[in-house]
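Here's a quick tour of a protein model, written for someone just starting out. Take a look at the sequence and the structure first, then read on.

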Amino acid sequence: MPLECNSKVADLLSEMAKINQDALREVYKAKQYAAAASALRSLNFEVQSIDQVDVIPMLKKRDGKIRKYVQEILTTGKLTALQSLRQRPDVKSCVELSGIHGVGPVTARKLFDKGYKSLADLRAPGVPRDTLTPTQWIGLKYYEEFKQRIPREEVSHIATAVREAANTFMKDEVRCYCVGSFRRGKADSGDVDVLVECRDVSLANDLLMHILNDLRAGSPSPRSGILTDDLQVGDVQYMGVAALQQPLRADDQAPPVHRRIDIKVYETDAFPTALLYFTGSDKFNRSMRLWAKRKGYALQDKGLFRDRSEAAASRVRVRDEKDIFDALQLDYVAPKDRNV
Ligand code: DCT
Ligand code: MG
C-alpha cells in the first residue's frame, strides 16, 4: 500500500516534473523532480519530518531546492511554486497541448506562440491542415479516449484479434504475446502492446502487413474494422488505433472507445529479449540493462550481446526469458513481479 503522506508529496513533485518537461522544456529538472518523487514513493516508512528524507541521497543536501519544497509540503501541505506555475497561461496551455499524441513540448510551445492555446482552439473550424501532422490530427481527434485506461478484458480481446490475424498467415502457430502492463498482470493498461514472432526474418514485413490488412475495415475477416487509424507504419513495427467492433457487453450502450495499439514483429533469435523489453516495466528494464552492462554485456530488445560492440558474433543464444536471467546470473523474475 502506498503511504499516504509520501504519496501526497510525491504527487506534487511529479506535477512539477510534468510541468518542467511539457511546458518549461527543462528536461534535466524534470528528471530530478521525477526521481525525487519516485524515491519518496519507494520508502517503506511515512515521512513526517524533513530529516527523514536524508535516506534519499539526492535530497540530502540541506540547501537543495527539492528538499526545501518537500519541507514546505510537509509543513504547509502546499507548494506555492507549483501553485503559481499552474496559474501561468503558457504552462496550462503547453501541458494540455503536449497531451496530444505526437505533440512534444517544442511543438506545444510553437502552437502556443501561434495562438493555439487549447484543444478547443485546434478543433475550431478553419484551422489550416498544416497546423498539425496527420498523426497529431489523429491524436487530437482521440485525445479524451486515449487518456482513458483500458480494462484488462478489453486489452485481451484486441490482442486476441491480432493473434488470430497472425495465425492466418503462418501454417503453424506463431508466438504472439500481449506485453506491457497487461503481461505484468495490471487490471488496466494505457495502450495495447502486442509482440509477434516471425521465424523467417525475410517475411517479417509481409507478416505485419498481413495482420494490418486482416484487421482493417473492408477486409473479409471476422476481425475487420478493429484497426481504425494508422499513426506510424514501419517495416516491422506499427503504431495505430484500435476499437472493438461491438461493446463487450450487449447491454453496454456506449460506443467502443478508441485505443492506442502497438504491434511489433521480431525474428525468433531476438524474440526472448524483445519479450523481456516490451514487458517492462521501463524501470525494471533500466535496472536490468545496467546490471547487464556492469557484467560486460549489452542487453537490448534485439538481443543479449556478450560485449558492448553488439556484433552479431557476440550474440548470446537465448530460447526464452529464463535463459536471459540465467546468462546474467540473476534469479528469474515473473512478469507480475516486474512492476517496479
Ligand atoms: N519501455 C521501456 N522504456 C520506455 C518506454 C517503454 O523500456 N521509455 C518498455 C517497457 C514497457 C513497454 O516498453 C511498453 O511501454 P508502455 O506501453 O509505455 O508501458 P506499459 O508498462 O505497458 O504501461 P501502460 O499501461 O501505460 O501502457
Ligand atoms: Mg503499454
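Let's start where two parts meet: domain 3 and domain 4 have 2 salt bridges between them, a salt bridge being a side-chain nitrogen of Lys or Arg within 4 Å of a carboxyl oxygen of Asp or Glu. Keep in mind that this is a predicted model, in which local features need pLDDT of at least 70, side-chain atom pairs count only at pLDDT 80 or more, and totals for chains, interfaces and linings use all residues. Residues are numbered from 1 along each chain as its sequence is written, chains are lettered from A and ligands numbered from 1 in the order in which they are written, and side-chain values use heavy atoms, with hydrogens and water left out.

**Domains and how two of them meet**

- The domain assignment, which is automatic or from a database, lists domain 1 (1-87), domain 2 (89-141), domain 3 (150-271) and domain 4 (281-337).
- Taken over C-alpha atoms, the centres of domain 3 and domain 4 are 26 Å apart.
- Their contact (heavy atoms within 4.5 Å) takes 6 residues from domain 3 and 10 residues from domain 4.
- Between them, domain 3 and domain 4 bury about 750 Å², with 36% of it on carbon and sulfur atoms; buried area is the accessible area (1.4 Å probe) that two parts lose on being put together, summed over both.
- On the domain 3 side, Arg183, Arg184 and Asp269 lose the most area to domain 4, together 65% of what that side buries.
- Asp269 also pairs up with Arg317: their side chains meet in a salt bridge (3.1 Å, N to O).

**The nonpolar cores**

- A nonpolar core is a set of buried Ala, Val, Leu, Ile, Met, Phe, Trp, Tyr and Cys residues joined through side-chain atoms within 4.5 Å; buried means under 20% relative accessible area, exposed over 50%, and partly exposed in between (1.4 Å probe, protein chains only).
- The largest one has 42 residues, and Leu13, Leu40, Val70, Ile100 and Leu122 have the most contacts inside it.
- Helix H1 (4-22) gives the most to this core, with 7 residues; helices are DSSP runs (H or I, at least four residues) numbered from the N terminus.
- Domain 1 and domain 2 both give residues to this core, so it lies between them.
- Leaving out residues up to four places away in sequence, Val70 touches Val9, Leu13, Leu40, Ile50, Val53 and Leu59.
- There's also a second, separate core of 31 residues, including Ala161, Cys178, Ala204 and Ala242.

- The structure holds 27 salt bridges.
- One of them joins the side chains of Asp22 and Lys18 (2.8 Å, N to O), which both lie in helix H1, 4 residues apart, about one turn of the helix.
- Is each partner buried or partly exposed? Asp22 is buried at 11% relative accessible area, whereas Lys18 is partly exposed at 42%.
- Asp326 and Lys322 also meet in a salt bridge (3.1 Å, N to O), and they sit 4 residues apart in helix H15 (residues 321-327), about one helical turn.
- Asp326 is partly exposed at 40% relative accessibility, and Lys322 is partly exposed with a relative accessible area of 39%.
- Asp337 and Lys336 meet in a salt bridge too (3.2 Å, N to O); Asp337 is partly exposed at 44%, and Lys336 is exposed at 57%.
- Salt bridges that share partners link Asp51, Asp54, Arg62 and Arg67 into one network.

Note on methods. Helix = DSSP H or I, 4+ residues; strand = E, 2+ residues; numbered from the N terminus.
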